[in-house]
Amino acid sequence: IGMIVLDSEDVVAEIKTNFDIFNQTLPGKKFVKAVTQGSLGEALVFDMDPADVLAVARSGKDVTFYTEAKIDGRTVHLQLVAAAVVHDGGHAGTIITARDVTTLIQKTLEANQMARLAGQRSRELTSLAELSGLVGFRLDQIFQKYLVTIQSLLLSPNVSIYLYQPPGQKL
């Protein structure tokens with residue numbers, strides 16, 4: 001998706017992304033101030049403070065961080081990686097690469113929803129486990145479980161049991 005080059009003072013020296021709002025807004029501005037204030041500040045939500053990201057990158061460590069960007073009426077999820085540029089033993093700047101991970105995020109959310117539904121269905125099936133004895137034809141165990149369930153229902157003040165006989169039923 002793109003790359004942002006910061007100089008040693010964290011000013012955006014060069015930028016090339018697929019988003020015009022970044023390309024037009026960021027050049028020549030302090031990175032942290034530009035992405036946390038104004039129109040970009042309202043459009044971007046970071047998982048890490050951009051100032052902290054740059055501080056860690058200056059220490060020589062690559063930092064992976066994420067942002068949710070609301071651009072042109074749609075939500076885009078970006079994975080960003082910040083890495084220091086070192087020249088003659090000193091900090092010469094930072095390079096931030098970005099890639100669109102929107103599809104990955106959407107699929108992860110779908111998978112989480114499917115897992116939640118699977119868990120719900122599993123709990124529903126577990127509640128029917130008393131009938132699992134039918135598979136092994138252990139009728140004595142099934143009958144015992146049936147009697148225990150009926151007994152607990154009969155003792156409950158919130159349950160009524162009706163005998164259903166279609167031929168003799170009258171409205």
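Reply: Strands here are DSSP runs of E with at least two residues, helices are runs of H or I with at least four, and both are numbered from the N terminus.

Some ground rules before we go on. This is a predicted model, in which local features need pLDDT of at least 70 and side-chain atom pairs count only at pLDDT 80 or more, while totals for chains, interfaces and linings use all residues. Residues are numbered from 1 along each chain as its sequence is written, and side-chain values use heavy atoms, with hydrogens and water left out.

Now for the partners of β4. Strands of a sheet pair through backbone hydrogen bonds, either parallel or antiparallel. Here, two strands count as paired if DSSP finds at least two bridges between them. β4 (residues 63-71) runs antiparallel to β5 (residues 74-87), and nine bridges join the two. On this side, T67 stands opposite L78 in β5, and A69 faces V76 in β5. β4 also pairs with β3, again in the antiparallel sense, over three bridges. There, L44 stands opposite A69 in β4.

Stepping back, these strands belong to an open sheet of six, with antiparallel pairing, in the order β2-β1-β6-β5-β4-β3. Its edge strands are β2 (12-16) and β3 (44-46), each of which pairs on one side only. On average, neighbouring strands of the sheet are turned by 20 degrees against each other, direction ignored; the axes are lines fitted to C-alpha atoms, for helices over the stretch in contact, and angles run from 0 to 180 degrees between N-to-C directions.

What do the two faces of β4 look like? In a regular strand the side chains alternate between the two faces of the sheet. In β4, V63, F65, T67, A69 and I71 make up the covered face, while T64, Y66, E68 and K70 make up the uncovered one.

F65 is buried, with a relative accessible area of 0%; buried means under 20%, exposed over 50% and partly exposed in between, using a 1.4 Å probe and protein chains only. F65 is also among the residues with the most contacts inside the largest nonpolar core, which has 26 residues. Such a core is a set of buried Ala, Val, Leu, Ile, Met, Phe, Trp, Tyr and Cys residues joined through side-chain atoms within 4.5 Å. β4 is one of the elements that give two or more residues to this core, and others include β3, β5 and α4 (50-58).

Finally, a search of the whole structure finds two aromatic pairs. One of them, F46 with F65, is tilted, at 6.1 Å centre to centre and 35 degrees between the planes. Rings of Phe, Tyr and Trp (its six-membered ring) pair if their centres lie within 6.5 Å; planes under 30 degrees apart count as stacked, over 60 as edge-to-face and the rest as tilted. F46 lies in β3 and F65 in β4, so the pair ties together parts that are 19 residues apart in sequence. Like F65, F46 is buried, with a relative accessible area of 19%.
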